[in-house]
Protein chains: 4
Amino acid sequence: MQFEYGQLIIIKDCKGKSYLQKLMKNGRFQTHLGLITHDQIVGKKEGETLVTSTGEEVTVFYPTLNEFIQKMGRRTAIIQPKDIAFIIMGVDLKPGDKVLEAGTGSGALLLALSRYVGKEGRVYSYDNRPELQEIAIKNLTKFYEKIPDNVILKQKDITTGIEEKNLDAVILDFSEPWSAIPEIINALRPGGKLASYLPTIIQVERLVKELQRTDNFIDIHSCELLLRPWQIKGFSVRPLHKIIGHTGFLVFARLKGGKNNV
Amino acid sequence: MQFEYGQLIIIKDCKGKSYLQKLMKNGRFQTHLGLITHDQIVGKKEGETLVTSTGEEVTVFYPTLNEFIQKMGRRTAIIQPKDIAFIIMGVDLKPGDKVLEAGTGSGALLLALSRYVGKEGRVYSYDNRPELQEIAIKNLTKFYEKIPDNVILKQKDITTGIEEKNLDAVILDFSEPWSAIPEIINALRPGGKLASYLPTIIQVERLVKELQRTDNFIDIHSCELLLRPWQIKGFSVRPLHKIIGHTGFLVFARLKGGKNNV
Amino acid sequence: MQFEYGQLIIIKDCKGKSYLQKLMKNGRFQTHLGLITHDQIVGKKEGETLVTSTGEEVTVFYPTLNEFIQKMGRRTAIIQPKDIAFIIMGVDLKPGDKVLEAGTGSGALLLALSRYVGKEGRVYSYDNRPELQEIAIKNLTKFYEKIPDNVILKQKDITTGIEEKNLDAVILDFSEPWSAIPEIINALRPGGKLASYLPTIIQVERLVKELQRTDNFIDIHSCELLLRPWQIKGFSVRPLHKIIGHTGFLVFARLKGGKNNV
Amino acid sequence: MQFEYGQLIIIKDCKGKSYLQKLMKNGRFQTHLGLITHDQIVGKKEGETLVTSTGEEVTVFYPTLNEFIQKMGRRTAIIQPKDIAFIIMGVDLKPGDKVLEAGTGSGALLLALSRYVGKEGRVYSYDNRPELQEIAIKNLTKFYEKIPDNVILKQKDITTGIEEKNLDAVILDFSEPWSAIPEIINALRPGGKLASYLPTIIQVERLVKELQRTDNFIDIHSCELLLRPWQIKGFSVRPLHKIIGHTGFLVFARLKGGKNNV
């Protein structure tokens, strides 16, 4: 497979920096490490090394989803890949699942959900801020070339009503998720899972206690994931000095069936 | 959808304990909290609450993959869900991918890989210990009712040769992964990803330095993930006292193309 | 210096276990690894290895304060050495300081405060639970042979009044430290430091917000310390699997001078 | 007690910044928040609030040791207060102890050791880099007004010989501490403690294994401390986003007595 005009690529230089590019006729990639034209890249294969006008080597790949998420446009803090991955396993997402997320935000989680529910799955993404959904649409379109068929965007606040029923999972990334609990109870299938990403522990406490109070959920639990990168370089084998000390807390729960009442 | 004979279920009691069961005619689930017959469960719906012979309430679900992994038979330490999830995003796994894992172990990672490459993907799982692959086969069969069509088990040590070509990812969970580097270079497609799960930092150092030495890989990086569960119970809002302080380190790398030489 | 009757020692066996003993005429130390009589130990020097009746080697030392704290009698959760040490530097404790602690608890922090304020310092330890102060007295007496001259124990709740003035530091280890803020403002010297050890984040939030509200404090900050032990044994170089995931949170603040008002 | 010329103070502004100053006749403290003259400060009491020429409030204190360490001159990475505090408790340091440190570095640990061994203790600080000891001398003199009587600086590499005997503790902060083991065995009293601060895990492994090999040490253990600051501000109750992910590892050991041989 060879690089073609219109494809999204990532160029990695010898300093460890990387750059997203959409390949275009007459496109140019210029940094202080010299120039590469898109015409030079087209026809090459993934992983090949090219030489810039100033003699520096760069390597060209298709971006991974993680790389794209780190580089994509955003207007909001995004959920980091470590948390996205853990949410996906935490709600037991599988091909064919119907999942709802609220809010859409810049689309980081949505990009991953669309991938992992597959062609037969559905992702309903609610957000009542059209300017954010615009960004998410741009990001989806940039990464997948179009809005994936399994994604349905809705400009709506889920606390005013969820139209879907029998959802396998609901994933919440907005500031007052407890206000959506009654709607979620109606929208999830029995056995369906809830996950919520929350920046502060005050939100965690409130959400967990409201979930406990309704008595409709089981396996309510909370955690956080710390990512600790290590440097392995000559004698320097140690954790990195500067790290992200906190992204968000995660809350999970599972809907019971039968006599649910709010 | 109602529970049927032959299905795998998980019964959760009021103490927070849970139990895997395969539903069988005349099957019985007996604990100190009383008896439930499988016949009572069949015909009920997921999430329903049943009452045992001694009046205790239990709730019945289909097990999530995470739950199954925690409860399944094993003869080896297994990769935990937090690490499985991070590996899957780290190697950019997507439906249709061809991925190799070595070794099979008890099958925890394999269960997840099979799910996320989907019907059109393939998972080649190498292990030269037949007694472990037996356990993995049992676990696959128990969870998926049969060995999934996208799983190919091979009784073989990958350092003696990888038969597949153009793999999207190779995931290594055995003690001397550096010994497989030449084979991996031949088996991965350019741009393909490598991940390795390693219990000790000595292994991380050795693998990373051998990967650096070959000059065939880019984006070589190492990290670990710490999972910190929180208790949210009345006034007690705090991290749990006893936690798992370490599971394993993770190493990732991506194969460059072109003039690869070992 | 030789071991003498009446001294507190710690016996360490070849399995890594250790045992506190007060040396007594005809005293006996008996475990499944055999018998050592106290008479055998008296006259030996610190660090010497002795052989039990069954031929096992043990080594005898004076206990460190850390070791004593881990082994001493208690009726309460104790502050761990990592937190004690950080509190002592956090309140800038030095020889000659006058420091108040509340409550006394089992005396772990008190043992350390007495050591580090030295002969010319003073530690006022308040607790209104006489049964706990009894345990602290036993622990002080066991470790220091008597209640140190620089320790003053008071059976009193500090929220009902602090008799001391011009204290260099106040250290709080009880559940509602905010209720003592007015008393603390009167008892600390300007520039004096406050530290509080708190099991839950709810307490941290409440204390910090009440300290912020009075406007009498500066440098109000909160943190927690995680201790991660490593195993270094042959090829196994890695963090320990089972660790303490949480002890307590720490809050620090410093009293401003001048126009203080509550 | 009032501020006097010649004293070291710390000025804290309303933005949370702080500045060390030595009070001098005609001294001036000028920032973008206005001017305060030292003459204004002299005669005031600790903790008082002063107003700058532009109407901003600042508060004046004597610096804590922690604050001084963060602000003092340095030419080396310094050991952080969390690690200093843990080392001091880890080697069971007490008033009157004789302790050796190598190397002196910029003097951060030395400042604390001098404080906690008290008047009757001794700190022997070895370093063969005179330019570093110069910085340490400046820092000691700035904080304590002179080199404390209990501090003895030696321009010497400890691997070439330790002149002291019967030391209570030896604390190592240089890159190849294993090379000093024979000298340390001779210099420590039986029961004396060793601590080493090490940036990389490779050093930890080497030191621990050499200590294990000599068979002269007991209680050899390794760990690291993570400091996690929290933000408590309105609804934002969460760990800080940017943190120091690693300072150094710590190794501790205790010398056995009797038949020591290297």
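**The contact between the chains**

Modeller: The contact draws 48 residues from chain A and 48 residues from chain B, where two residues are in contact if their C-beta atoms, placed from the backbone, lie within 7 Å. This is a predicted model: local features need pLDDT of at least 70, side-chain atom pairs count only at pLDDT 80 or more, and totals for chains, interfaces and linings use all residues. Residues are numbered from 1 along each chain as its sequence is written, while chains are lettered from A and ligands numbered from 1 in the order in which they are written.

Colleague: Which element gives the largest share of the side of chain A that touches chain B?

Modeller: Strand 12 of chain A does, with 12 residues. Strands (E, at least two residues) are DSSP runs, numbered from the N terminus.

Colleague: And in which sense do strand 12 of chain A and strand 12 of chain B pair?

Modeller: They pair in the antiparallel sense, over nine bridges; pairing requires that DSSP finds at least two bridges between the strands. As one example, A:E224 has B:R228 as its bridge partner.

Colleague: Changing topic, what pLDDT does chain A average?

Modeller: The average is 96, and 98% of the residues score at least 70; pLDDT is the predictor's confidence in each residue, from 0 to 100.

How values were computed
Helix = DSSP H or I, 4+ residues; strand = E, 2+ residues; numbered from the N terminus.
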